[in-house]
Amino acid sequence: QVQLVESGGGLVQAGGSLRLSCAASGRTFSRNAMGWFRQAPGEDSELVAAISWSGGSTYYADSVKGRFTISRDNAKNTVSLQMTSLKPEDTAIYYCAADSRSYYRGNLNLPYVYDYWGQGTQVTVSS
């Protein structure tokens, strides 16, 4: 059974940092694009960051560019999201996602690319 399990969420003050991690099991994702989505209450889901299977290409939403960094460790089957200079508007449930296809070379910023999802981890930023 394929699972993506997020960790690292929590409550932090504005200006603070958090590091989210996503551990994959059930299959390797070393050849697959992965990403992080978030969804705030009453809002649509937003793709905030994505990384190609090789790690050579990344995508960031304008709202997080310069503050968030996505990385992956293919040997450990993990992907991480380092979040700095957090703002109250970053408050949301953050979901790890992965593409089931190998060696995808298209645009990383297309939400339909990702078809495996984790259960999410809550990030709350207080002002």
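View 1. Buried means under 20% relative accessible area, exposed over 50%, and partly exposed in between (1.4 Å probe, protein chains only). Strands (E, at least two residues) are DSSP runs, numbered from the N terminus. This is a predicted model: local features need pLDDT of at least 70, side-chain atom pairs count only at pLDDT 80 or more, and totals for chains, interfaces and linings use all residues. Residues are numbered from 1 along each chain as its sequence is written, and side-chain values use heavy atoms, with hydrogens and water left out.

**View 2. Pairing along E9.** Two strands pair if DSSP finds at least two bridges between them. Strand E4 (residues 34-39) runs antiparallel to E9, joined by six bridges. Here Met-34 sits opposite Ala-98. Strand E11 (residues 121-126) pairs with E9 over three bridges, also antiparallel. Ile-93 has Gln-122 of E11 as its bridge partner. Tyr-116 of E10 is the bridge partner of Ala-98.

**View 3. Ser-52 in its loop.** Ser-52 lies in the loop between strand E5 (46-51) and strand E6 (58-60). Its relative accessible area is 7%, so Ser-52 is buried. The Ser-52 side chain reaches the backbone nitrogen of Gly-56 at 3.2 Å. Beyond its neighbours within four places in sequence, Ser-52 is in contact (heavy atoms within 4.5 Å) with Ala-33, Ser-57, Arg-72 and Leu-108.

View 4. Side chains of opposite charge can pair when their charged atoms come close. A salt bridge is a side-chain nitrogen of Lys or Arg within 4 Å of a carboxyl oxygen of Asp or Glu. The structure holds five of them. Arg-38 meets Glu-46 at 2.9 Å, N to O. Arg-38 is buried at 7% relative accessibility, while Glu-46 is partly exposed at 26%. Arg-67 bridges to Asp-90, with the closest N and O atoms 2.7 Å apart. Arg-67 lies in the loop between E6 and strand E7 (68-73), and Asp-90 in the loop between strand E8 (78-83) and E9, so the pair ties together parts 23 residues apart in sequence. Both Arg-67 and Asp-90 are buried.

**View 5. The Arg-101 and Asp-99 pair.** These residues form a salt bridge, the closest N and O atoms being 3.0 Å apart. Arg-101 is partly exposed at 41% relative accessibility. Asp-99 is buried at 0%.

Conventions:
Helices (H or I, at least four residues) and strands (E, at least two) are DSSP runs, numbered from the N terminus. A polar contact is a pair of N or O atoms within 3.5 Å; within protein, one must be able to donate a hydrogen and the other to accept it, and residues adjacent in sequence count only if both atoms are side-chain atoms.
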